[in-house]
Amino acid sequence: MKPSVFADAWEGLRRNKSIAVSVILVTMISLYLLGVGLLAQRQVDQMKGYWYDRVQVSIYMCTDGALQPNCTGEAATQDQKDSVAAQLKDMEPLVKDVYYESEKEAFDRFKKDYKNSPLASNISVGDIPPSYRVQLSDPEQFETVASAFEGAPGVASVPNLRQVFAPLFRAINIVTGVMIGLAVLTLVSAVLLMATTIRQAAFTRRREIAIMKLVGASNRTIRTPFIIETIASGVIGAVMAVGLLWVTAWALFDKYLLHTQGAGSGYISTADVWIIAPFLLVGVVVLAIGTSTVTLWRYLRV
Amino acid sequence: MIRFENVTKRYPNQNRPALDGIDLNIDRGEFAFIVGASGSGKSTLVRLTIREEIVSSGRLLVGGHDLRKMPQRKVPQLRRQVGTIFQDFRLLPNKTVQQNVAYALQVIGRPRRAIRALVPETLELVGLAGMEKRMPHELSGGEQQRVAIARAVVNKPPVLLADEPTGNLDPATSLDIVHLLRRIHDSGTTIVMATHDNVIVDELKKRVIELEHGHIVRDEEGGSYVPKAVDNRDLDELEAERDDDLDEGSTVPPQDRPIGEVHALDEWDDDAEDLLR
């Protein structure tokens, strides 16, 4: 391609500085929203992968004064505990590993996991019931095991981890939906703004265009500067959006959540920004080419 | 070279066709004047030939190509074969003489080496040697038209179309321009020139095709602007019309010129539309 094509594109951007800036900013905002939506989805996937792989069936036993309907208000007897243990043993190999966590151990673990939380100081031994922690060879078989102990004598509850996570995932999904909805709206305005920019640029350069047509310049020669201009503003917007996403992910995950909650608890990181960045870039280039092609086809007939 | 076969051109929302069943053949190497009042179809004829407009019916062949069937992507190729100049010069105001001429070659992708050779040679031909670095606003009307001619012929097209090229020039300058066109013609270029200018037509004694309301009413070799037997009153009117064009080197748009050039106003509007299309 001739250098003059790029010179024309640069000249065009310079001449329409303010409108070029608005295209860049609107593109940036829409891609940022889209990126947040995509990152939120990656977070859901990551958490599902992380937690569902590690899913343990926790069989909580009754304690003194337990309120669960299955408990009679008394702690589970040793017989009841033994029966649960025996039943679990029968379920091998689905049950891979069983670990009994006493009230004392449960208390210590809670203290450690939530050492920054005000909850930790209000809790005492016996508040958290003893439980059987069951590791499954196939986490998908959760229901099979859980239902076998639901309502067994001395068993207080068998909480389903999926039920625990469901509201969280629902919330993230709503956030994703809203983000993507906003992203679509702003993308529409980005596209319209790109089209307006091209029309304005075509008007500014109408003399040149008229002469190019007159002397037989090919359509490609006439249109390429406009397309390059549109792609350039789109790509600049996309790069800025990726930068903003990186800062967001860095501040929220790398800096805050990993710091307070420790590594390896299923959070995404700035690395995920680099995974979605190419899609955002390619997307904006496709959008810019599409928009400029359609606009030029409509407004720059030979 | 250019062949109209029963060509009719209708513009939307106009009752009367601009051209009505035209049959015309212009051979390679000919020099033909198209004369007639404003609105007689001269400009339409030019615009059809470079396919700015498409014929409504009939057949128009340029260099053997049927323009009606020509696909859109071939149109630039056609326009490289047909140079065009207009009354309003259509130069780029922010480019020098040299750049204006070179631009025509750049945008059709001619290599830099060819441009470096062709541009000075063409400026020499049109008599603008030494003015390469001037800006259009520093030039007289005649000089601006020479730049436009240089731009039209720099790619050595076999055909040159001129739509009222002297319409904004004084009589002496007009003659210079026409003599330049004749020189270009002598080197083998086919020239079709639409004009109002009787002095020029009478001086060159070339083929004259007269249009009236979209019909050819006269086509004679070595003709003059008006048929031999003519009412003197008509001649006076034509003179008066021409006098209105005399403001030398004027680039004043027609709407700012004295009333009386009503038809030219229409043409200006058409041109403005072209630019925006």
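Trainee: Is R90(B) buried or exposed, and how should I read such a label?

Mentor: Buried means under 20% relative accessible area, exposed over 50%, and partly exposed in between, with a 1.4 Å probe and protein chains only. In this predicted model, R90(B) is buried because its relative accessible area is 12%.

Trainee: Which residue forms a salt bridge with R90(B)?

Mentor: A salt bridge is a side-chain nitrogen of Lys or Arg within 4 Å of a carboxyl oxygen of Asp or Glu. Here R90(B) is paired with D88(B), their closest N and O atoms being 3.1 Å apart, and D88(B) is partly exposed, with a relative accessible area of 25%.

Trainee: Which salt bridges does R218(B) form?

Mentor: R218(B) forms one with E210(B), where the closest N and O atoms are 2.9 Å apart, and one with E220(B), where they are 2.6 Å apart. R218(B) is buried at a relative accessible area of 11%, E210(B) is buried at 16%, and E220(B) is buried as well.

Trainee: Which residues are linked in a network of salt bridges, and how many salt bridges are found over all chains?

Mentor: The network links K9(B), R47(B), E52(B) and E53(B), while a search of the whole structure gives 17 salt bridges over all chains.

Trainee: What conventions lie behind these values?

Mentor: Residues are numbered from 1 along each chain as its sequence is written, and chains are lettered from A and ligands numbered from 1 in the order in which they are written. Local features need pLDDT of at least 70 and side-chain atom pairs count only at pLDDT 80 or more, whereas totals for chains, interfaces and linings use all residues, and side-chain values use heavy atoms, with hydrogens and water left out.
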